[in-house]
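Hi,

Here is the structure I promised to pass on. Have a look, and my notes follow below.

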Amino acid sequence: MSNRVKDHLHPIIQIEDVHKSFNQLEVLKGIDLQVYPSEVVALIGSSGSGKSTLLRCLNGLETLSGGRILIDGTELNYSPRTIQKIRREVGMVFQQFNLFPHFTVLENIIEAPIHALKKSKAEVIENGLSLLDKVGLRDKKDVYPRKLSGGQQQRVAIARALAMNPKIMLFDEPTSALDPELVSEVLTVMKQLAEDGMTMLVVTHEMMFAKEVADRVIYMCDGVIEEQGPPLELFSSPKSDRLKSFLKRVV
């Protein structure tokens, strides 16, 4: 685990024997996982392996069929109050950008903090501009999303999630909807977040990002964690035949 990980004794995310089924289809089959403060965990695997479902369970977008999840000591129990607390602490960035088309870039970023955090508009605007600096888009603050490239829209979506001052960021294949030439600008922002000490779970097909940035890589297959370990170890010496086969296809 890298020097970035501050506290390896007290996990900020605890996932215990988590199951999730959709009707008769069991998508998660007993996931156990702990993530530590400032740790970057990359989730890799074929489509349908359960990666995105696991992320959606972490912030209450999906209810569990079994097991339990604790976020910074709070058990996810689906009461409105708990869900609200968890979602303030857990930011999520999706494949699609989901920006409000009738809001400018800055308005997209300040909307949630004003209503959910009850902060003053002046304070939220100042923070919003600072976040736009972080993602390199301050000059686009008054532009509407339709005038932005996909990479720019995704960087705004990251800034919007950060505006809630989360302890944890979840990324669900954040570059998969982008043209190849726009991928690097989003990954650069994510690398900077990692260097700043943000706890991150990233579902990704970008193997180079997983190798370079993650503290730990988890390979999921058929709803279970098939193998996990430090990137160098997992990519250079995979133990599972399934992982070996997967890496031959994608690396």
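The protein chain has nine helices and ten strands (DSSP runs numbered from the N terminus: H or I of at least four residues for helices, E of at least two for strands). Bear in mind that this is a predicted model, where local features need pLDDT of at least 70, side-chain atom pairs count only at pLDDT 80 or more, and totals for chains, interfaces and linings use all residues. Residues are numbered from 1 along each chain as its sequence is written, and side-chain values use heavy atoms, with hydrogens and water left out.

On overall shape, the radius of gyration is 18 Å, which agrees with the value near 18 Å for a compact globule of 251 residues (taken over C-alpha atoms; the rule is 2.2 Å times the number of residues to the power 0.38). The C-alpha atoms fill a box of roughly 55 × 40 × 40 Å along the principal axes.

Of the 251 residues, 52% are buried (under 20% relative accessible area, 1.4 Å probe, protein chains only).

Leaving aside residues up to four places away in sequence, Met169 touches, among others, Gly91, Ile158 and Met200 (contact: heavy atoms within 4.5 Å).

Cheers

Technical notes
Buried means under 20% relative accessible area, exposed over 50%, partly exposed in between (1.4 Å probe, protein chains only).
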